[in-house]
Amino acid sequence: MSRRSADERREELIEAAIRVMIRDGVGRATTRAVVAEAGLPLGAFHYCFRSKEELLQSVIERIMVRASAPAVAAAAVDGTTADGASVDAVLRTALHAYWERIRQTPDEHLLTYELTQYALRQPGLAELARKQYAHYTEVTRESLEAMARLAGIEWTVPLPVLARHGLGVLDGLTLTWLIDRDDTLARAALDEYASYLVSVARRGGARGARAE
């Protein structure tokens, strides 16, 4: 085994744990399974983590970071967000960019639900699940702010309320799609959410985009 720093081994173990959990489920992600996946000796685990719970916390934090990039990042460089684009076009582009990320990594998103349920049932880990969803709410809020800037609008619903509503909608759409994989209905529901956002938007942002 080549010599690797503690940080390198820690990274390898986190990524190995994610692979094992995606393939076999959270319950089967034993310490031995994770180190075997990483190609490391068992002692490496105890050198990098104090417990399996600490590893689970690192896994959840890693997945949270991957979910942090606002969905509107792709929309920001898309031609439909050019000056003069309608509010509706900007919002739909942003939401569909988000949705493509879901479709590209379904197994990882399925794992997030399993981790949440697991954490809620384990003594001492419930707070981690609450932090996970507080983070998702904050990411949704930042995405709504970014969409408003791109579209040149202001929201008529208080942002904390709109962010919680949006997280509920997108979280529900994601879980439902993971179950039935109905792309047509998922996109139709996403467009319905976009129409709702248009209905609670008003002109007034920096770009001054026109509404339809």
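**Group meeting: rings, helices and a turn in a predicted chain**

Some ground rules. This is a predicted model, in which local features need pLDDT of at least 70 and side-chain atom pairs count only at pLDDT 80 or more, while totals for chains, interfaces and linings use all residues. Residues are numbered from 1 along each chain as its sequence is written, and side-chain values use heavy atoms, with hydrogens and water left out.

pLDDT is the predictor's confidence in each residue, from 0 to 100. For this chain the mean is 85, and 85% of the residues reach 70 or more. Over residues 208–212 pLDDT stays under 50. For that stretch the model has 15 contacts beyond four places in sequence, where contact means heavy atoms within 4.5 Å.

Now the overall layout. The chain has ten helices and two strands. Helices (H or I, at least four residues) and strands (E, at least two) are DSSP runs, numbered from the N terminus. Along the sequence the pattern is α-α-α-α-α-α-α-α-β-α-α-β. Of the 212 residues, 42% count as buried. Buried means under 20% relative accessible area, exposed means over 50%, and partly exposed is in between (1.4 Å probe, protein chains only). Among contacts between residues at least 6 apart in sequence, 72% join residues at least 24 apart.

Back to Arg-181. Where in the chain is Arg-181 placed? Arg-181 is in the loop between helix 9 (159–180) and helix 10. Its phi is positive, about 55°, although Arg-181 is not a glycine. Most residues other than glycine have a negative phi. With 41% relative accessibility, Arg-181 counts as partly exposed.

Rings of Phe, Tyr and Trp (its six-membered ring) pair if their centres lie within 6.5 Å; planes under 30 degrees apart count as stacked, over 60 as edge-to-face and the rest as tilted. How many aromatic pairs does this rule give? The count comes to five. One of them is Tyr-98 with Trp-99, a tilted pair at 6.3 Å centre to centre, with 50° between the planes. Tyr-98 and Trp-99 are both buried. Another pair is Tyr-193 with Tyr-196: the centres are 6.5 Å apart and the planes are at 20°, so this pair is stacked. Both of these tyrosines lie in helix 10 (residues 183–199), three residues apart, which is about one turn of the helix. Tyr-193 is buried at 5% relative accessibility, whereas Tyr-196 is partly exposed at 29%.

Next, helix 2 (residues 31–38). Its buried residues are Val-34, Val-35 and Ala-38. They cover an arc of only 95° around the axis, so they are on the same side of helix 2. That arc is taken from the directions from the helix axis to the C-beta atoms. On the other side of helix 2, Arg-32 and Ala-36 are exposed. The buried residues of helix 2 pack against helix 1 (6–24), helix 3 (42–48) and helix 4 (52–66). After helix 2 comes Gly-39, with a positive phi near 70°.

Helix 4 also holds Arg-62. Is Arg-62 buried or exposed? Arg-62 is buried, with a relative accessible area of 18%. Leaving out residues up to four places away in sequence, Arg-62 touches Glu-11, Ile-14, Glu-15 and Ile-18.

Thr-140 is in helix 8 (residues 126–151) and is buried, at 12% relative accessible area. Trp-155 lies in strand 1 (residues 153–155) and is buried, at 14%. Its C-alpha atom is 8.7 Å from that of Leu-144, eleven residues apart along the chain. Not counting residues up to four places away in sequence, Trp-155 has contacts that include Leu-91, Leu-144, Leu-162 and Leu-197.
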